[in-house]
Amino acid sequence: MSEQHIASAFDRDLETIQAQIMKMGGLVEAAIMSAARALETRDQELAQEVRQGDKAIDALEELINEETARLIALRAPTAGDLRLVLSVLKVSANLERIGDYSKNIAKRTTVLVNAGEINGSAAALRRMAREVERMLRDALDAYIQRDAELAADVIERDHEVDQMYNGLFREFLTFMAEDPRNISSCMHLHFIAKNIERMGDHVTAIAEQVVYLVTGERPSEARPKADNTSQTI
Amino acid sequence: MNDMTRVERTVDSKAIKIAANDVQVHYGDTHAIKDVNVEIEDKTVTAFIGPSGCGKSTFLRCLNRMNDTIDICRVTGDILLDGEDIYDKRVDPVQLRAKVGMVFQKPNPFPKSIYDNVAYGPRIHGLAKNKAELDELVEKSLRRGAIWDEVKDRLDAPGTGLSGGQQQRLCIARAVATEPEVLLMDEPCSALDPIATAQVEELIDDLRKRYSVVIVTHSMQQAARVSQKTAFFHLGNLVEFGETGQIFTNPEDPRTESYITGRIG
């Protein structure tokens with residue numbers, strides 16, 4: 001919707017909450033990559049930065065909630081405006097969760113720094129995190145450009161993240177079976193892999209909000225689910 | 001999940017009360033209503049929205065032939081009430097208006113007592129055999145107008161002495177006294193304060209148990225609050241007609257979107 005409101009203050013309010021979402025998105029993207037890099041390079045300091053940085057993300061979510069509540073009360077948005085306001089609320093909640101997962105990865109990193117390395121897994125986790133970060137960047141681009149096709153593409157790509165998680169899950173099982181001394185590290189690494197897989201789900205939820213915002217309809221539920229570890233023994 | 005949707009939003013009846021087919025209205029050379037086709041359901045509140053001059057009031061006035069009183073106004077096409085053409089020569093407009101009642105923007109009680117305001121219609125249409133029946137009808141109508149408790153002790157007082165909100169509810173009571181089947185309301189709350197507006201809106205929701213209500217309103221929020229169906233008029237065209245929730249969350253036509261979101265369109 002490129003047309004302007006007759007009440008220009010309404011336009012400014014809507015622009016403000018979207019700008020806040022983009023700012024939050026930028027912080028979350030950085031948090032994902034920093035957390036993955038800290039894990040791979042065993043960088044305690046960087047991990048600590050990620051943990052600290054989550055406070056800013058949470059504060060932004062609070063701010064967005066307040067601004068949105070105020071906008072609903074004062075402007076009673078309808079149609080496309082209403083869908084935008086609803087999407088802002090949901091997207092900020094999803095971003096906040098992704099921020100929490102990044103923080104949790106950083107927390108586990110501080111423990112893992114003092115443990116033995118599990119052959120190549122940190123690099124694999126970083127590749128997985130990079131994929132999720134790209135998906136998030138595309139989802140936010142799709143959001144700001146109102147691009148439902150790009151959003152649909154992001155939803156499809158979650159499949160790959162799920163596949164990566166499946167692979168890691170099996171790998172960690174193997175390592176733990178081989179040598180019980182690996183169990184502690186592998187447990188942490190597995191939680192990290194699961195965190196990244198969950199991030200992918202939240203990014204998918206953001207992309208679904210974009211589809212709803214643009215088309216007014218929820219995307220069909222038939223998206224491929226590839227995380228089959230819940231059935232693995 | 002479907003059974004958890006709010007019941008008051010569901011349309012109770014799918015029966016068509018009024019069907020308009022290819023309706024055109026001309027005021028002299030001005031083409032005020034263009035090719036309007038719409039089906040108004042029974043026991044449903046239908047809201048007409050649109051910018052000033054879009055034709056919504058003109059179209060509303062077609063539904064009980066109020067436009068007959070304007071010499072230069074010409075209405076073509078069919079408007080069927082329960083399948084009968086209301087513009088048929090055999091239809092008496094006065095009888096029609098008893099069946100299709102109307103409430104106006106400004107409360108306009110007769111300069112008579114509260115009682116006589118309501119009793120007027122039933123008297124001229126011979127709806128009561130005696131005083132007792134008339135008393136009963138007046139009370140019932142005032143109750144349906146949600147104003148009985150406020151006026152029952154002063155039925156002989158002049159209707160014009162009531163507050164604006166009370167006068168409007170008196171006018172609604174007067175309109176329902178002839179047992180209409182359809183109630184047309186042209187901006188019924190625009191002269192009322194928020195409390196009186198809320199009372200009239202509550203009343204409208206109650207009235208739809210018995211009648212088909214059609215309301216013209218400039219307040220989009222009012223349309224959203226009281227109606228189950230919404231029709232958007234623009235430049236004499238019926239642009240979009242649909243379920244109110246759909247119109248206000250995901251309208252199909254960009255002109256509807258522009259109008260309800262307050263954009264220039």
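This is a predicted model: local features need pLDDT of at least 70, side-chain atom pairs count only at pLDDT 80 or more; totals for chains, interfaces and linings use all residues.
Biologist: How many residue pairs are in polar contact across the interface of chain B and chain A, and which helix supplies the largest share of the chain B side?

Modeller: The rule finds ten residue pairs in polar contact across this interface, both residues being at pLDDT 80 or more. On the side of chain B that touches chain A, helix H9 (244-249) and helix H10 (254-260) each supply at least two residues.

Biologist: What area is buried between chain B and chain A, and which residues of chain B lose the most?

Modeller: The contact draws 16 residues from chain A and 13 residues from chain B. About 1,200 Å² is buried between the two chains, with carbon and sulfur atoms giving 48% of that area. Together accounting for 43% of what the chain B side buries, the residues that lose the most area to chain A are Thr249(B), Asn250(B) and Arg263(B).

Biologist: Why can Ile183(A) count towards a nonpolar surface patch, and what is the area of that patch?

Modeller: Ile183(A) is found in helix H6 (residues 183-215) of chain A. Patch residues need over 30% relative accessible area, and Ile183(A) can count because its value is 37%, which makes this residue partly exposed. With Met187(A) and Phe191(A), Ile183(A) makes a nonpolar surface patch of about 250 Å².

Key. Residues are numbered from 1 along each chain as its sequence is written. Chains are lettered from A and ligands numbered from 1 in the order in which they are written. Side-chain values use heavy atoms; hydrogens and water are left out. Patches are made of residues with over 30% relative accessible area and no salt bridge: like charges are joined within 9 Å, nonpolar side chains (Val, Leu, Ile, Met, Phe, Trp, Tyr) within 5 Å. Accessible areas come from the Shrake-Rupley method with a 1.4 Å probe; for residues, only the protein chains shown count as cover. A salt bridge is a side-chain nitrogen of Lys or Arg within 4 Å of a carboxyl oxygen of Asp or Glu. Helices (H or I, at least four residues) and strands (E, at least two) are DSSP runs, numbered from the N terminus. Buried means under 20% relative accessible area, exposed over 50%, partly exposed in between (1.4 Å probe, protein chains only). Contact means heavy atoms within 4.5 Å. Buried area is the accessible area (1.4 Å probe) that two parts lose on being put together, summed over both. A polar contact is a pair of N or O atoms within 3.5 Å; within protein, one must be able to donate a hydrogen and the other to accept it, and residues adjacent in sequence count only if both atoms are side-chain atoms.
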